[in-house]
Amino acid sequence: MASQRHHARALGLVAVAAAVATGCGAGPAPSGAWRANARQVVAQLRQDVASVETVGPRESDAAGQLANVSDLFGLLLAYTDLGGCSSMVRSTEAPPKEERLLMAPCGSLERAAALFVRANTTHDASVLVAASREAAHASPLLVRAALVAK
């Protein structure tokens, strides 16, 4: 019963954090400011990917992280950013061509965030490992995005 309450609270935090991330928008960026904004977004996403790559690779390790409130909270914060990748990139107000390049990692990152929610909801360590792997797939695309933002 306590485990169910713990997961219900964590899932509630995911929903609240996702709503806050989606609602955070900036006004129009001054000309050229999009690069500084894009650098910050890419740096944050790279840091978040590094945080979630600490999961596993064994399911027993991932199960321990799902059971540990501190680990779970850290993963929640990182996956909230990853799940908001598209919104974060759009908020940079990059020109269309550059925005497309900055968006390239978002598919994998947002799929990883969805897997995290599923792993937390079902308490399934194998899905948490899959979420970490999916996030790692975006790393090369984040390196390219960092070059776009220079």
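The pLDDT is the predictor's confidence in each residue, on a scale from 0 to 100. The model described here is predicted, and its protein chain has a mean pLDDT of 86, with 79% of residues reaching 70 or more. Confidence is lowest in helix α1 (residues 2-23), where the mean is 45, and highest in α5, where it is 98. Over residues 1-28 the pLDDT is below 50, and this stretch has 23 contacts in the model beyond near neighbours in sequence.

In soluble globular proteins, nonpolar side chains tend to be buried together. In the present model, the largest nonpolar core comprises 41 residues. Leu 45, Tyr 79, Leu 82, Leu 102, Leu 109 and Leu 128 have the most contacts inside this core. Two or more core residues are given by each of α2 (33-52), α3 (59-67), α4 (69-83), α5 (85-91), α6 (96-103), α7 (106-122), α8 (125-137) and α9 (139-149). With neighbours within four places in sequence left aside, Leu 82 is in contact with Leu 45, Asp 48, Val 49, Val 52, Leu 109, Glu 110, Ala 113 and Ala 135.

The structure holds one cavity of 30 Å³ or more. About 30 Å³ of space lies in the largest cavity, and its lining is formed by Val 41, Val 42, Leu 45, Val 89, Leu 102, Pro 105, Leu 142 and Ala 145. Helices α2 and α9 each supply at least two lining residues, and α2 provides the largest share, three residues. By class, the lining has eight nonpolar residues, no polar residues and no charged residues.

Conventions
Residues numbered from 1 in each chain as written. Predicted model: local features only at pLDDT ≥ 70, side-chain atom pairs only at ≥ 80, totals over all residues. Heavy atoms only, no water. Core = buried A, V, L, I, M, F, W, Y, C linked by side-chain atoms within 4.5 Å. Buried < 20%, exposed > 50% of the residue type's maximum accessible area, 1.4 Å probe, protein only. Helix = DSSP H or I, 4+ residues; strand = E, 2+ residues; numbered from the N terminus. Contact = heavy atoms within 4.5 Å. 1 Å grid on protein atoms, 1.4 Å probe; cavity = no way out; pocket = protein on both sides within 12 Å on 5 of 7 lines; lining within 4 Å. Points joined across faces, edges and corners; volume = space filled by probe spheres on them. Nonpolar A, V, L, I, M, F, W, Y, C, P; charged D, E, K, R; others polar.
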